[in-house]
Amino acid sequence: MAFFAAARQGRKDDAELGTGVWRRAHDRFRRGLDRYHQILEGIEDDDVYNELVVVANDLGAMLPGVREVCVRAQTSSPSTGLDIPGALLQVHRALSRAGNTLATTAEAAAMARLDGERWGVASSGLDNVRRRAQLVADDVEEAERAMPEGV
């Protein structure tokens, strides 16, 4: 069953996001989110886990917005390759930065996990994770603002 659902989702993504830069931007964000959630698996310290889950929920809530921006961008400036449409350069730049920052947020969560297991929640680096997650939110908001109206 999961195979067929994945195939259907892939076709839907191809139709809505295309196969170019907008699909890549969306997929990079989704992979970063998946990686962040993988970090959560196996955390033994409940306090660290609970703090990181709150951030995970905030990050996960951004995915529909990223998808919407990518779908709108694909609709207005279709992409099938690696060329970034000039009119939406700032949108792509913000989405790319959001995906990269999300990856570093996952790295910070991994470090917080290790530190939390050794020294507890007080010295786990959760502030760094929150700070990076806020940068991701800022980048997603910038991409949304950079999208031209009516697109």
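In this predicted model, Glu51 and Arg130 form a salt bridge, with their closest N and O atoms 2.6 Å apart. The two partners stand 79 residues apart in the chain, Glu51 in helix H3 and Arg130 in helix H6.

- Two packed helices are described by the angle between their axes and the distance between the axes.
- For H3 and H6, the angle is about 5 degrees and the axes lie 10 Å apart.
- Angles under 35 degrees count as roughly parallel, and H3 and H6 are therefore roughly parallel to each other.
- On the H3 side, the residues that meet H6 are Glu51, Leu52, Val55 and Leu59.
- Their counterparts in H6 are Leu126, Val129, Arg130, Ala133 and Val136.

**Other salt bridges**

- The count of salt bridges in the model comes to seven.
- One of them joins the side chains of Arg67 and Glu16, at 2.6 Å from N to O.
- This pair links distant parts of the chain, since Arg67 belongs to helix H4 and Glu16 to helix H1 (residues 2-17), 51 residues apart.
- Arg67 is buried, with a relative accessible area of 17%, whereas Glu16 counts as partly exposed at 28%.
- Because buried means under 20% relative accessible area, the 17% of Arg67 places this residue in the buried class.
- A further salt bridge connects Asp139 with Arg97, the closest N and O atoms being 3.1 Å apart.
- Here too the link spans distant parts of the chain, from Asp139 in helix H6 to Arg97 in helix H5, 42 residues apart.
- Arg97 is partly exposed, with a relative accessible area of 30%.

**The surroundings of Asp139**

- Asp139 lies in helix H6 and is buried, with a relative accessible area of 8%.
- When neighbours within four places in sequence are left aside, Asp139 is in contact with Ala94, Arg97, Ala98 and Thr101.

**The largest nonpolar core**

- The largest nonpolar core has 39 residues.
- The residues with the most contacts inside this core are Trp22, Phe29, Tyr36, Leu52, Leu59, Leu95 and Val129.
- Two or more residues of the core come from each of helix H2 (21-40), helix H3 (46-60), helix H4 (63-76), helix H5 (89-119) and helix H6 (126-146).
- H5 gives the most to this core, with nine residues.
- Val129 is in contact with Tyr36, Leu52, Val55, Thr105, Ala108, Ala109 and Ala112, leaving aside its neighbours within four places in sequence.
- Leu52 and Val55, both in that list of contacts, are also among the H3 residues that meet H6.

**Helix H4**

- H4 has 14 residues and reaches 20 Å from its first C-alpha to its last.
- This reach is close to the 20 Å expected at 1.5 Å a residue.
- The buried residues of H4 are Leu63, Gly65, Val66, Arg67, Val69, Cys70, Ala73 and Gln74.
- Within that buried set, Arg67 is the residue whose side chain meets that of Glu16 in a salt bridge.

Terms used
Residues numbered from 1 in each chain as written. Predicted model: local features only at pLDDT ≥ 70, side-chain atom pairs only at ≥ 80, totals over all residues. Heavy atoms only, no water. Core = buried A, V, L, I, M, F, W, Y, C linked by side-chain atoms within 4.5 Å. Buried < 20%, exposed > 50% of the residue type's maximum accessible area, 1.4 Å probe, protein only. Helix = DSSP H or I, 4+ residues; strand = E, 2+ residues; numbered from the N terminus. Contact = heavy atoms within 4.5 Å. Expected span 1.5 Å × (residues − 1). Salt bridge = Lys/Arg side-chain N within 4 Å of Asp/Glu carboxyl O. Axes fitted to C-alpha atoms, helices over the stretch in contact; angles between N-to-C directions. Parallel < 35°, antiparallel > 145°, perpendicular 65-115°, else oblique.
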